[in-house]
Amino acid sequence: MDLPLSVDRASPVPLYFQLSQQLESAIEQGALAPGSLLGNEIDLAGRLGLSRPTVRQAIQSLVDKGLLVRRRGIGTQVVHSQVKRPMELSSLYDDLEAAGQRPATRVLRDTVEEATAEVAAALSVPEGTQVRRVERLRLTHGEPMAYMRNHLPADLLPAEGADLESTGLYRLMRTAGVTLHSARQTVGARSAGTAEAELLGEPAGAPLLTMRRTAYDDTGRPVEYGSHLYRASRYSFEFQLLVRP
């Protein structure tokens, strides 16, 4: 590892935190790519004139964030940077692709079924109406990041499910002539159930971010109702807040 690391002993910021911030920045900017080995703690401590416990604390803070992993017989390895997604009406697939995260999709279910009361209310159709249900697992760098369940009007998209593995849902909508205009979205959090944890590669009870969204086209018609789960260790939402005049 050849990075321009340094610490300022005159700063009130703890030394371990200074080091962890520089390493986190290197991961997010790609200077430390996924799969890179961080190097020996003793060597890093000697290079910076720090104690080994200080270096260990800095590294452990990034392990806790899911950016590093300790592998027996290999060392400390970079896993990935956390995905920070802006709060706007966009496709997760497009956002990941633009960020160089190499998205991939595994379609778990693609069926037509009767709308439940919840889905019918979201899509403004009578309960029992035929709707399309799509469940997907979204991966980045080969690791699961999000479990997505979407309900759509049954006639909105062509039936070819293979397209869902090669591109994003909103891109398919645009190709089909749907103009997305706005959405209502709710973000929350809860712990992972056993089946969800297994899908997402997390321990049961791990924190998950939740997102429910109803998207509308330019005529005001609801065209999608999504219920998504994200690994909190891999994913966060970013908000831009403005002062109201």
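Two strands count as paired if DSSP finds at least two bridges between them. Helices (H or I, at least four residues) and strands (E, at least two) are DSSP runs, numbered from the N terminus. I looked for a facing pair and found Arg-70 opposite Thr-76 in β2. The hairpin has 3 residues between its strands, and Gly-73 in the turn has a positive phi of about 85 degrees.

**Before going on**

I reminded myself that this is a predicted model, where local features need pLDDT of at least 70, side-chain atom pairs count only at pLDDT 80 or more, and totals for chains, interfaces and linings use all residues. Residues are numbered from 1 along each chain as its sequence is written, and side-chain values use heavy atoms, with hydrogens and water left out.

I checked the confidence next; pLDDT is the predictor's confidence in each residue, from 0 to 100. The protein chain averages 83, and 85% of the residues score at least 70. Which elements have the lowest and highest mean pLDDT? Strand β3 (residues 83–86) has the lowest, 55, while helix α5 (residues 117–123) has the highest, 93.

For the overview, I noted 8 helices and 10 strands in the protein chain. Of its 245 residues, 43% are buried. Buried means under 20% relative accessible area, exposed over 50%, and partly exposed in between (1.4 Å probe, protein chains only).

**Helix α2**

Which residues of helix α2 (residues 41–48) are buried? I got Glu-41, Leu-44, Ala-45 and Leu-48. They cover an arc of only 100 degrees around the axis, so they sit on the same side of α2. That arc is taken from the directions from the helix axis to the C-beta atoms.

The face turned away from the buried side carries the exposed residues Asp-43 and Gly-46. Just after α2, Gly-49 takes a positive phi of about 70 degrees.

While in α1, I looked up Ile-27, which is found in that helix. Ile-27 counts as buried because its relative accessibility is 6%. Its C-alpha atom is separated by 9.0 Å from that of Val-79, 52 residues apart along the chain.

**The six-stranded sheet**

I traced an open sheet of 6 strands in the order β4-β5-β6-β9-β8-β7, with antiparallel pairing. At the edges stand β4 (103–114) and β7 (180–191), each with a single partner strand, so one side of each has no neighbour in the sheet.

I followed the pairs from the β4 end. β4 and β5 (130–140) are joined by 11 bridges and run antiparallel, with Glu-114 opposite Gln-130 in β5. Then β5 pairs with strand β6 (residues 143–153), also antiparallel, over 10 bridges. There I found Arg-132 opposite Leu-152 in β6. β5 and β6 form a hairpin with 2 residues between them, and His-141 in the turn has a positive phi of about 55 degrees.

How many residues of β5 are buried? The count is 10 of 11, so β5 is largely enclosed by the rest of the structure.

Further along, strand β8 (residues 207–217) joins β9 through 9 bridges, running antiparallel. Ala-215 has Glu-224 in β9 as its bridge partner.

**Two single residues**

His-228 is in strand β9 (residues 222–231). Is His-228 buried or exposed? It counts as buried because its relative accessibility is 7%. Leaving aside neighbours within four places in sequence, His-228 has contacts that include Tyr-147, Arg-149, Leu-209 and Met-211.

Last, I looked at Ser-124, in the loop between α5 and β5. Its phi is near 55 degrees, a positive value in a residue other than glycine. Ser-124 counts as exposed because its relative accessibility is 57%.

Conventions
Contact means heavy atoms within 4.5 Å.
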